[in-house]
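Colleague: I am new to this structure and would like to go through it slowly. Could you show it first?

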Amino acid sequence: MTRSAASVFRFANSVESVRELAKKRLPKGLFEFVDRGSDDELAILNNRDAFNRVKFRPRALVDVSGRSSETTVFGQSIGMPLAIAPTGAAGLLWYRGEMALAKAAAAAKVPFTLATRSMSAMEDIASEAGGTLWLQLYTQRNRQDCYDVIERAKAAKFQGLVLTVDTPMNPSRDYNDRNGYSLPFKYTMRGVTDILLHPRWFAGVIGKYYANGGLPRFENLPGRRTINEGISPTQMLSDDLTWRDIEEYRRRWPGKLIVKGIMHPDDAKRAAQLGADAVIVSNHGARNLDGTMAPLDALPDVVDAVGNRIEVFMDGGIRRGADIAKAVALGARMVLIGRPTLYGTAVAGEMGATHVLNNLKKELLYTLATLGVPRISELSRDIIHAPHLAPRATHEMKIAAE
Ligand SMILES: Cc1cc2nc3c(=O)[nH]c(=O)nc-3n(C[C@H](O)[C@H](O)[C@H](O)COP(=O)(O)O)c2cc1C
């Protein structure tokens with residue numbers, strides 16, 4: 001840890017303690033926008049509980065002195081089995097927050113996913129941050145706008161296109177409406193007071209955008225509208241997205257095609273049949289349909305359905321290095337994280353995101369050592385105890401079959 005990271009974070013190493021620091025720094029409405037779930041917020045608790053229900057069955061007396069967190073994704077070596085998930089909000093938490101995240105990801109040798117609804121242009125991310133870059137796309141009502149975004153991503157040499165398929169409509173999050181966090185931003189008394197009570201954030205983020213050309217814009221959407229203008233009606237979410245769109249995207253996108261928001265094994269099979277290179281088992285960080293099962297619980301069936309044909313990733317609720325190991329042991333090639341690195345970015349930009357990534361890696365290495373599994377490729381269901389999951393996910397079933 002650098003000296004300044006040490007002074008900013010002191011002993012705030014866990015994601016939860018970095019979250020507490022972010023909560024202090026951000027306006028309440030913005031923190032809630034990042035942190036909370038939808039409706040009654042049951043799924044957000046369940047995403048975490050799923051990790052608590054899965055236990056380890058460690059191996060003893062294994063030489064773990066050569067342990068490593070490195071693995072491969074799409075045949076390419078990465079620093080740990082983790083990527084940064086697309087999140088539209090990073091540019092509001094920190095001035096050019098997406099750039100901070102992308103640079104932290106490149107330094108940690110992990111993929112970074114830029115959300116289309118973000119505030120940093122993809123060309124700038126590619127030229128300034130580098131590393132493995134994927135672009136996330138929501139299908140918008142005007143398909144031509146989507147195809148234009150894809151052409152830009154191709155020209156900017158992004159390696160992956162992440163198609164989010166779990167958001168046909170805006171989800172129900174009452175607190176955002178109360179706080180004025182909608183598109184366009186609504187200037188409610190409550191929201192404005194909240195912002196005025198956080199002058200450091202206002203000067204450091206909004207003030208800097210003003211000093212450098214004006215309010216933050218959706219730089220990756222045609223029209224480059226500001227957050228005050230909101231996105232155009234043709235760029236709203238599309239509720240008529242179908243598998244035909246996936247076929248069309250596959251035709252247009254030569255790089256890696258990753259379908260995000262798959263929970264059902266049959267959907268994973270269909271994505272594989274249509275030429276996807278990977279699926280992300282995800283319930284959107286419990287921000288959409290509140291009644292979904294946890295992605296960790298959905299993971300084994302998806303892996304059994306397509307794991308030998310395409311790569312399977314998962315996200316939702318990863319807060320510790322041990323969580324990464326559990327997901328990989330249940331068959332995920334790697335995980336993605338959304339909120340954890342956003343909390344870090346909100347506290348200290350690139351340094352904050354790096355702090356979170358470094359600590360997750362440290363925790364993962366500790367987990368590998370104490371599990372008696374020195375390499376990521378050796379994590380398997382054999383070291384997992386999870387009787388509630390599909391029986392074939394458990395060690396007991398392996399014994400029964402022998
Ligand atoms: C503030 C915020 C904004 C997000 N924006 C997007 C987005 O634009 N596109 C998308 O596919 N997912 C988006 N997500 C979902 C993340 O990509 C990811 O699925 C989720 O955050 C994973 O759960 P975790 O936060 O528990 O790690 C967003 C999540 C958060 C917290």
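Colleague: Which residues of helix H12 (residues 243–252) are buried?

Modeller: This is a predicted model, in which local features need pLDDT of at least 70 and side-chain atom pairs count only at pLDDT 80 or more, while totals for chains, interfaces and linings use all residues. Residues are numbered from 1 along each chain as its sequence is written, and side-chain values use heavy atoms, with hydrogens and water left out. Buried means under 20% relative accessible area with a 1.4 Å probe, protein chains only, and in H12 the buried residues are Asp245, Ile246, Glu248, Tyr249 and Arg250.

Colleague: Is threonine 116 buried or exposed?

Modeller: Threonine 116 lies in the loop between strand S5 (112–115) and helix H7 (122–128), where helices (H or I, at least four residues) and strands (E, at least two) are DSSP runs numbered from the N terminus. Because its relative accessibility is 1%, threonine 116 counts as buried.

Colleague: How is helix H15 (residues 321–329) oriented to helix H16 (residues 339–371)?

Modeller: The axes, which are lines fitted to C-alpha atoms over the stretch in contact, with angles from 0 to 180 degrees between N-to-C directions, come within 7 Å and cross at roughly 60 degrees. Angles under 35 degrees count as roughly parallel, over 145 as roughly antiparallel, 65 to 115 as roughly perpendicular and the rest as oblique, so H15 is oblique to H16.

Notes. Buried < 20%, exposed > 50% of the residue type's maximum accessible area, 1.4 Å probe, protein only.
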